[in-house]
Amino acid sequence: MPSYTVTVATGSQWFAGTDDYVYLSLEGTSGCSERHLLDKPFYNDFERGAVDSYDVTVEEDLGEIQLIKIEKRKYWYQDDWYLKYITVKTPVGDYLEFPCYRWITDEKEIVLRDGRAKLPRDDKTQILKQHRRKELETRQKTYRWKEWHPGFPLSIDAHSHSDLPRDIQFDNEKGIDFILNYSKAMENLYVNRFMHMFQSSWSDFADFERIFVRISNTISEYVMQHWKEDFMFGYQFLNGCNPVLIRRCTEIPKKFPVTMDMVECSLERNLTLEEEVKQGNIFIVDYELLDGVDANKTDPCTIQYLAAPICLLYKNLENKIVPIAIQLGQKPGPDNPIFLPSDATYDWLLAKIWVRSSDFHIHQTVTHLLRTHLVSEVFSIAMFRQLPAVHPLFKLLVPHMRFTIAINTKAREQLICECGLFDKANATGGGGHVQMVQKAMKDLTYKSLCFPEEIKAKGMDSKEDIPYYYYRDDGIKVWEAVKSFAEDVIHIYYESDEVVCEDVELQAFVKDIYVYGMRGVKTSGFPKAIRTREKLAEYLTVIIFTTSAQHAAVNFGQQYDWCSWIPNAPPTMRRPPPTEKGTVTIEQIVESLPDRGRSCWHLGAVWALSQFQDNELFLGMYPDEHFVEKPVKEAMAKFRKNLDEIVNAITERNKNKKLPYYYLSPDRIPNSVAV
């Protein structure tokens, strides 16, 4: 009688093993199927991290194995089991790999196909077509779209992390409990001793060092020492944690009536302001989106304020970007003066602090939350709904969706919900952040997620004109590496543009993203269909880059580097913006900055939100072998080689720099949005 050798690998996560009854069924092209008991309670098989082998003898020839069914029947109590993969050695000595990388819960069963990636057109037998169709039908019932707030991209239909499918939950829910992590953060940072003085102001700038010393590092200490200086203010628009807003100014806006007389002393080339604009030396950052957003009113004891400033910047003869004019509101007028470097020291400093605070709000809610977290969740849900596990694009994308739906669900549960942790320290809490996302949706376009095109659209693409824009330089390198990898995988499975057009699952995936994620808004520019291999490569690059590199670039600089020195990134302001010049004092600035309690909450937040996950998987690391074919593994090796070269180049550039830029170094880019 024919005999098969079956090898079963159990995951190494906590509680990944099982002590239940486990049955295996092999189904072949002959139409025959046989069921075998692999494990009984107390046999000590399928323990955490174990690889167990079994000899399975069948009554008759099964033909080519098409499917494997695994059944788990409960013995005593709830006992989830994480199955990594199964390999089968056939009677003729062939090896078949059946990737799983899923949890088997309760008394459920799963049916696996061998690991060779297949497009819908590749399935010829009815049993494989039926398996493919049934998997998607089940997934579409499990992964449902839901509107969290009007105008938002749709998200997963789940009220809490525990409501999610087990396969996409965190391995350890405590590890991403925001309330617990905030408490840990404040304990680790030794700032909880200030919480009883929640409403009280700090004495002066030096007083902020009392909560800063425990989290200082090279960059954050440099920021603390130089945050008042114009070069440091300008540098952050290029390489801080929100390097996406600055654009080349082609015309001074009418709502920002800066004149030559105002800025003449700041210009270094003996040119007029108009001539400097024409030569491309003037840049602008406009926080118009904050205009009309309601400030946080959740604490009646503290009135909080927002502003919508406009900042004009200048590239000086040292190629440094420095501010030359700031207006704190959108409507010019006598009560909305334009602040200048030539003004009184504290006037100019407070104007810059207001810009930094506004930048913090845009960064947290638009750059970070909307344009990485919420967009990545859209990609994740659409993938699970429309791409079966055997599809090559599912295999390509699934590592970049790891824990994304889980972290966003947890955030909606504890962080950005009504009365959530976000309300405690941020001036945009209490609903302002919701208004911001709703307003920012009009600018969320497909082209804006295409990294090189967005850089070019802002006029920031010239390395010669803007030599120290490391976010741009490193981002383009990573973008090109990802795109090359995507192209390699596409050419393995899609031999022509016609094959792309015929892939109904791909087209359903793209349509899901457009219709549900982007709410069917034509002006978003998101495609409704993909017709060529070239466009598919770009589309996949957008997805992978957004979920990995873009998130890393705007998330991991929050903690020790740019946001730990409170005056450099105030999460709230407790006094309104100044309406006249010559009245600002140091006392007024300190009273405007966050109080002791909100400063501590802020530090706890940026610390908790900037930590890598335990056992983080960085870009190019694919320990779960969803792909089994040699050509794809060769493409992965090439991808890793390209990424290693980028790491080496960035490391070399950063040597001896006081302000190294490493957020887009591939060895610091997690594969997915998971924090």
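Me: Which helix is His373 found in?
Reply: His373 sits in helix H8. Bear in mind that this is a predicted model.

Me: Is His373 buried or exposed?
Reply: His373 is buried, because its relative accessibility is 8% and the cut-off for buried is under 20%.

Me: What is His373 in contact with, sequence neighbours within four places aside?
Reply: The contacts of His373 are His368, Thr404, Ile407, Asn408, His551, Val673 and Val675.

Me: Where is His368?
Reply: His368 is found in helix H8. At 6% relative accessibility, His368 counts as buried.

Me: Which residues does UniProt put under "binding site" along with His368?
Reply: The unreviewed UniProt entry gives that feature at His368, His373 and His551. These residues span 184 residues in sequence, yet no two of their C-alpha atoms are more than 7.8 Å apart, so they gather at one spot.

Me: What's the strand order in the open sheet of five strands?
Reply: The order is E11-E12-E13-E14-E15, with antiparallel pairing. Strand E11 (247-248) and strand E15 (338-339) are at the edges. Each has a single partner strand, so one side of each is left without a neighbour in the sheet.

Me: How many bridges pair E14 with E15?
Reply: Two bridges, in the antiparallel sense, with E14 covering residues 321-327. Gln327 stands opposite Ile338 in E15.

Me: What holds paired strands together in general?
Reply: Strands of a sheet pair through backbone hydrogen bonds, either parallel or antiparallel.

Me: New topic. Which residues does the UniProt "binding site" annotation with Gly17 cover?
Reply: Gly17, Asp79 and Asp80, again according to an unreviewed entry. They span 64 residues in sequence, yet no two of their C-alpha atoms are more than 8.0 Å apart, so they gather at one spot.

Me: Where's Gly17?
Reply: Gly17 is in the loop between strand E1 (3-10) and strand E2 (21-28). Gly17 is buried, with a relative accessible area of 16%.

Me: What does Gly17 contact, leaving aside neighbours within four places in sequence?
Reply: Gly17 is in contact with Thr10, Phe46, Glu47, Arg48, Asp79, Asp80 and Trp81.

Me: Which side chain makes a polar contact of 3.4 Å with Asp80?
Reply: That of Arg166.

Me: How many residues of E1 are buried?
Reply: Six of the eight, leaving E1 mostly covered.

Me: How many bridges join E1 to strand E4?
Reply: Seven, and the two strands run antiparallel, with E4 covering residues 51-57. One of the pairs is Ala9 with Val51 in E4.

Me: And E1 to E6, how many bridges?
Reply: Six bridges, also antiparallel. Thr5 has Lys89 in E6 as its bridge partner.

Me: How many bridges between E6 and E7?
Reply: Eight, in the antiparallel sense. Leu83 is the bridge partner of Arg102 in E7. Strand E7 (residues 95-104) is mostly covered, with seven of its 10 residues buried.

Me: Which residue in the hairpin of E6 and E7 takes a positive phi?
Reply: Gly93, with phi near 95 degrees. The hairpin has five residues between the strands.

Me: Last one. Where does Ser665 lie?
Reply: Ser665 lies in the segment after helix H21 (630-654). At 3% relative accessibility, Ser665 counts as buried. Not counting residues up to four places away in sequence, Ser665 touches Val647 and Ile650.

Note on methods. Residues are numbered from 1 along each chain as its sequence is written. This is a predicted model: local features need pLDDT of at least 70, side-chain atom pairs count only at pLDDT 80 or more; totals for chains, interfaces and linings use all residues. Side-chain values use heavy atoms; hydrogens and water are left out. UniProt positions are given in the numbering used here, feature names are shortened, and annotations may be inferred rather than shown by experiment. Helices (H or I, at least four residues) and strands (E, at least two) are DSSP runs, numbered from the N terminus. Buried means under 20% relative accessible area, exposed over 50%, partly exposed in between (1.4 Å probe, protein chains only). Contact means heavy atoms within 4.5 Å. A polar contact is a pair of N or O atoms within 3.5 Å; within protein, one must be able to donate a hydrogen and the other to accept it, and residues adjacent in sequence count only if both atoms are side-chain atoms. Two strands pair if DSSP finds at least two bridges between them.
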